[in-house]
Amino acid sequence: MYLIDTHCHIDKLIYNGLFKNISELIFFLKKNNIKYLLAISTSISNFFCILSLTSYIKSNIKLSCGIHPLYVNKIKSDDIYYLKKFLLYKNVIAIGECGLDYKNVNENIKKLQIYIFEKHLIYSIKYKKPCIIHSRFSENDLLDIIKYYKKFNNFNAIIHCYSYYNKKILYEFLNLGLYISISGLITFKNMYLLRNIIKYIPLNRLLVETDSPYLCPKINKFKYNDPSKIIFIIKEISYIKKISFYKIIKNNIKNFLRLFNI
């Protein structure tokens, strides 16, 4: 049985010195039985970087192209054009990381975030590529926007690195057909409310991610995060939900392959 990391920033793994190059990363993935990895971009220039790393190497590293909400104020005039163009690439299976992040931003930035996020949703529907959504302190606007776009065919989305504690909010996301992706946050000691929420996520909507090199699991005093740490997040989910470890792995595989039509 193999593993899948559904959300990872491979350029940061390499340029931060965890791996010398893409070949070393691919060898590491094979060694740790990670068959698929979804490499996430946070800007168009960031996607260029990821594309340059992966273009000439055969692997099961899949790509997502998007503009992170915290970078919308740095957007260039032709970024939306390139966003649309890159979604036509065969190895690009998702759009994002995009969404809304209202931490320490003014109303003008909020409006710009909404505008750019809606562009992602439109392209997600048009090109039938699931949308990977970042959401922080923005659940009300996010739900209103998703409720509108949900009525269109081909709408599929993931709330990445889920962190909301309110059961009502979780059920609203689930009722809209969204997938919920769980990260190493659940291993943090102060995340007991999030750990409790995981109990209510149905298996057919659950995905697992590392978000590496960020959010290193607080287990065994790890100093850094990488895709191999997915195993510890799966073990924690298994413990919390009181479900077989192997069942969580199989479920993550099944949901990933179905959602991204692999």
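In this predicted model, helices α4 and α5 (residues 107-126) pack at an angle of about 25 degrees. Their axes are 11 Å apart. Angles under 35 degrees count as roughly parallel, so α4 and α5 are roughly parallel to each other. The crossing of α4 past α5 is right-handed. On the α4 side, the contact is made by Ile80, Leu83 and Lys84. On the α5 side, Ile116, Lys119, His120, Tyr123 and Lys126 take part. By class, the contact of α4 with α5 has 4 nonpolar, 3 charged and 1 polar residues.

Leaving aside neighbours within four places in sequence, valine 72 is in contact with Ile67, Ile109, Leu112, Gln113 and Ile116. Of these, Ile116 also belongs to the contact of α4 with α5. The C-alpha atoms of valine 72 and isoleucine 114 are separated by 9.8 Å. Along the chain, these two residues are 42 residues apart.

From α9, the contact draws on Ile231, Ile234, Lys235, Ile237 and Ser238. From α10, Phe245, Ile248 and Ile249 contribute. The residues of the contact of α9 with α10 divide into 6 nonpolar, 1 polar and 1 charged.

Threonine 210 lies in the loop between β8 (206-208) and α9 (230-241). The residue has a relative accessible area of 0%. This value is under the 20% limit, so threonine 210 is buried. Not counting residues up to four places away in sequence, threonine 210 touches Asp5, His7, Cys8, Leu215, Asn225, Asp226, Pro227, Lys229, Ile230 and Ile233. Among them, Ile230 and Ile233 fall within α9 (230-241). With aspartate 5, the side chain of threonine 210 makes a polar contact of 2.5 Å. Glycine 184 is 26 residues from threonine 210 along the chain. The C-alpha atoms of these two residues are separated by 6.2 Å.

Terms used: Residues numbered from 1 in each chain as written. Predicted model: local features only at pLDDT ≥ 70, side-chain atom pairs only at ≥ 80, totals over all residues. Heavy atoms only, no water. Helix = DSSP H or I, 4+ residues; strand = E, 2+ residues; numbered from the N terminus. Buried < 20%, exposed > 50% of the residue type's maximum accessible area, 1.4 Å probe, protein only. Contact = heavy atoms within 4.5 Å. Polar contact = N/O pair within 3.5 Å; in protein donor to acceptor, adjacent residues only side chain to side chain. Nonpolar A, V, L, I, M, F, W, Y, C, P; charged D, E, K, R; others polar. Axes fitted to C-alpha atoms, helices over the stretch in contact; angles between N-to-C directions. Parallel < 35°, antiparallel > 145°, perpendicular 65-115°, else oblique. Left-handed = near helix turned anticlockwise from the far one by under 90°.
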